[in-house]
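User: Please take a close look at the ligand site in this model. Which residues surround the ligand, and what touches it?

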Amino acid sequence: MVSKKNKRKRPDTIHPKNKYSDNPPDFALLASLYTSFKAFVFNSRDGRPRIDWTNFNSTRELTRVLLLHDHGLNWWIRNGQLCPTVPNRSKYIHWIEDLLSSDIIPNNNSNGDIVRGFDKGTGANCIYPLLGASLLGWTFVGSDVTDVALEWAERNVKSNQHISELIEIRKVTNCQGTLSIEDSKCGESVDGKSKMDGSGSVVEEAEPLPLSSFDLPSDANKKYSGPPVLLGVVRDGEKFDFCMCNPPFFETMEEAGLNPKTSFGGTPEEMVCPGGEKAFITRIIEDSVVLKESFRWFTSMLGRKTNLKFLTS
Ligand SMILES: C[S@@+](CC[C@H](N)C(=O)[O-])C[C@H]1O[C@@H](n2cnc3c(N)ncnc32)[C@H](O)[C@@H]1O
């Protein structure tokens, strides 16, 4: 009999359509099928197969085998890049699926049944386009700013020929704007006075991250002052069913290093931006006002529930 202490509780937030909602990853099965994963699995005192969550190589290998075994996806990232947890990232895809099937914002999609998404900050792992395309046949533009993210996102797309046509990886440069908007001020900060219009926000807890000594100066005004977010990246006439985003949550890597009990990588470029998620999402909201005809839904992950009040005000 499983003791109360050891009984696994399904998180309330897990989406019922999520492959893992009733079947969490079976480490024993995966270890029996994939020798590369077996090397990271050990039996804990209670006899359960486990992995060392503080070892980046273990968490990356788990993600690799889950994507391969459950989704038929070939995937890899460089040491230290942000490693996504598959059950967690799948939830966001299914939440968007729910939004798209609702009438809260009517569907004026002129592409017929083709669903088109925009992944803001797709990362080297390119996880949302890969999952969205393989689970639901959605098409994506995945955008990012860093060379390493763009290179590895491309590699991950090309390693999956069956869905590679569905995904475009788009580089964000400082002034690539095709939509000229006087207040986009490409790369500069804007005063965010606009209210959310037709946009939705998906709340999720941030992935716990390892400690790091890297630090960036905190932006006292909490204004986003990085490269373009949506304006200047979305092209004239483009239409998307949704925008999704797992933003750089933090202002400093110290702030990011809250949970040394796990290791999911995450470089400063991936985790940090001046003003953190509050400023980044504020910019998405500002951009959404101008781009309201280009998107049906604007969504983003949010690490801190306390930021929600500010963002929806
Ligand atoms: C937290 S990571 C998310 C990566 C991936 N989507 C995931 O869920 O694991 C944030 C990503 O946003 C990218 N990023 C930061 N500023 C950006 C911008 N202005 N435009 C596009 N991507 C940006 C970073 O390079 C990084 O890859």
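This is a predicted model: local features need pLDDT of at least 70, side-chain atom pairs count only at pLDDT 80 or more; totals for chains, interfaces and linings use all residues.

**Confidence first, then the ligand site**

Across the protein, the average pLDDT is 83. A score of at least 70 is reached by 80% of the residues. For the complex, the predictor reports an ipTM of 0.99 and a pTM of 0.84.

Now the site. The ligand is surrounded by 23 residues. The closest are Arg89, Gly121, Asn125, Asp144 and Asn246. By class, the shell holds 11 nonpolar, seven polar and five charged residues.

Lys120 places a polar side-chain atom 2.9 Å from a ligand nitrogen. Tyr224 also uses its side chain: an N or O atom there is 3.0 Å from a nitrogen atom of the ligand. Thr122 contributes through its backbone, with an N or O atom 3.3 Å from a ligand nitrogen.

How much of the ligand's accessible area does the protein cover? On its own, the ligand has 590 Å² of accessible area, and the protein covers 98% of that.

Which elements give two or more residues to the shell? They are helix 5 (127-136), strand 4 (139-144) and helix 8 (268-271).

Methods:
Residues are numbered from 1 along each chain as its sequence is written. Side-chain values use heavy atoms; hydrogens and water are left out. pLDDT is the predictor's confidence in each residue, from 0 to 100. A residue is near a molecule or strand if one of its heavy atoms lies within 4 Å of it. A polar contact is a pair of N or O atoms within 3.5 Å; within protein, one must be able to donate a hydrogen and the other to accept it, and residues adjacent in sequence count only if both atoms are side-chain atoms. Accessible areas come from the Shrake-Rupley method with a 1.4 Å probe; for residues, only the protein chains shown count as cover. Helices (H or I, at least four residues) and strands (E, at least two) are DSSP runs, numbered from the N terminus. Ala, Val, Leu, Ile, Met, Phe, Trp, Tyr, Cys and Pro count as nonpolar, Asp, Glu, Lys and Arg as charged, and the others, Gly among them, as polar.
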